[in-house]
Amino acid sequence: MVQIRIPTNGKQMLLAAGFRPIVGSCWRIIRNLLSFAVMSKDQVYSKSMANIADFRFDAGVADVFTDMIERSVPGYRSIITMIETLTGHYAQPGSKLYDLGCSLGGATHSMARGLTAQNCEIIAIDNSAAMVERCRKAMDRVHTCASVRIIEGDILTTPIADASVVVLNFTLQFIPPEERVQLLEKISAGMRPGGVLILSEKVTFEDRHLDELLFDIHHDFKRAHGYSDLEISQKRSALENVLIPETIPTHRNRLLNAGFTSVDVWFQCFNFMSMLAVK
Ligand SMILES: C[S@@+](CC[C@H](N)C(=O)[O-])C[C@H]1O[C@@H](n2cnc3c(N)ncnc32)[C@H](O)[C@@H]1O
């Protein structure tokens, strides 16, 4: 694993160079930007494996997760950026905002940055201890007008109440299909009128030609971002029984049946999309 360290004497270097008046307030921002830009490289599937176990969000994955998701999910960074704008638009004063399956808190950060409504609480939940530990450390550095709680727990059993914004950013696809209706009904029942669910997923297509084409193009995307054919094929095997994608009409109909009034895709890049479902 390649790990680049941010120099700890950077602050002293700036002070010596005569930047004393701005150093105090700017240094934290510079370090945050650097730690965001410098991430550990995903090499989880780079060596040939005799047996490929089902994919798990363990410590090895958590250590490289930002690099992994950015090089694997076309449009991920755009969606994360837009969650900030969507939060600003939909968050209601005094309500709760949920990030379900928060991982390292990419979407939680965006919600915190975009939030202007007062007296809100952001609740980020994940059932991977490794993710939650790292998410808590990362959120310590974020300044927001809301209170933030990061919970290690199962989103299938966590209550949802008084919510104006709920994010399921590439999480539902890891929930067993037979559990998805009940989860979405619970989310819908726990939302305020006018609130929004942001649901991002890998999808399949009924048109077989389009499905195969976008599947291949996604692999081209991964190759273009430095993954070898071995890494692509081993990860594909590991995800086979764990990540179960569905079609866009399946998502739309299930959300409407769960009690959302307006549902449609607001973003799509190849076989990855994000939907808005308004309560
Ligand atoms: C692809 S990641 C989500 C990425 C994240 N939302 C983001 O925007 O960076 C899926 C996450 O869902 C979590 N997860 C899967 N099933 C879960 C469950 N039943 N309860 C809580 N978290 C779950 C995994 O541990 C993992 O961190």
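I began with the ligand in this predicted model: 20 residues surround the ligand, the closest being Gly-101, Gly-106, Asn-127, Ser-128 and Asn-169, where near means a C-beta atom, placed from the backbone, within 6 Å. I noted that helix 5 and strand 2 (121-126) are the elements giving two or more residues to this shell; helices (H or I, at least four residues) and strands (E, at least two) are DSSP runs numbered from the N terminus. By class, the shell divides into 11 nonpolar, seven polar and two charged residues, with Ala, Val, Leu, Ile, Met, Phe, Trp, Tyr, Cys and Pro taken as nonpolar, Asp, Glu, Lys and Arg as charged, and the others, Gly among them, as polar.

I then looked up how helix 4 (residues 76-90) packs with helix 5 (residues 106-114): their axes come within 7 Å and cross at roughly 40 degrees, the axes being lines fitted to C-alpha atoms over the stretch in contact and the angles running from 0 to 180 degrees between N-to-C directions. That makes helix 4 oblique to helix 5, since angles under 35 degrees count as roughly parallel, over 145 as roughly antiparallel, 65 to 115 as roughly perpendicular and the rest as oblique.

Last, I checked Ser-78, which lies in helix 4. Ser-78 is exposed because 12 other C-beta atoms lie within 10 Å (buried at 20 or more, exposed at 12 or fewer, partly exposed in between, with C-beta atoms placed from the backbone).

For reference, I number residues from 1 along each chain as its sequence is written. Local features need pLDDT of at least 70 and side-chain atom pairs count only at pLDDT 80 or more, whereas totals for chains, interfaces and linings use all residues.
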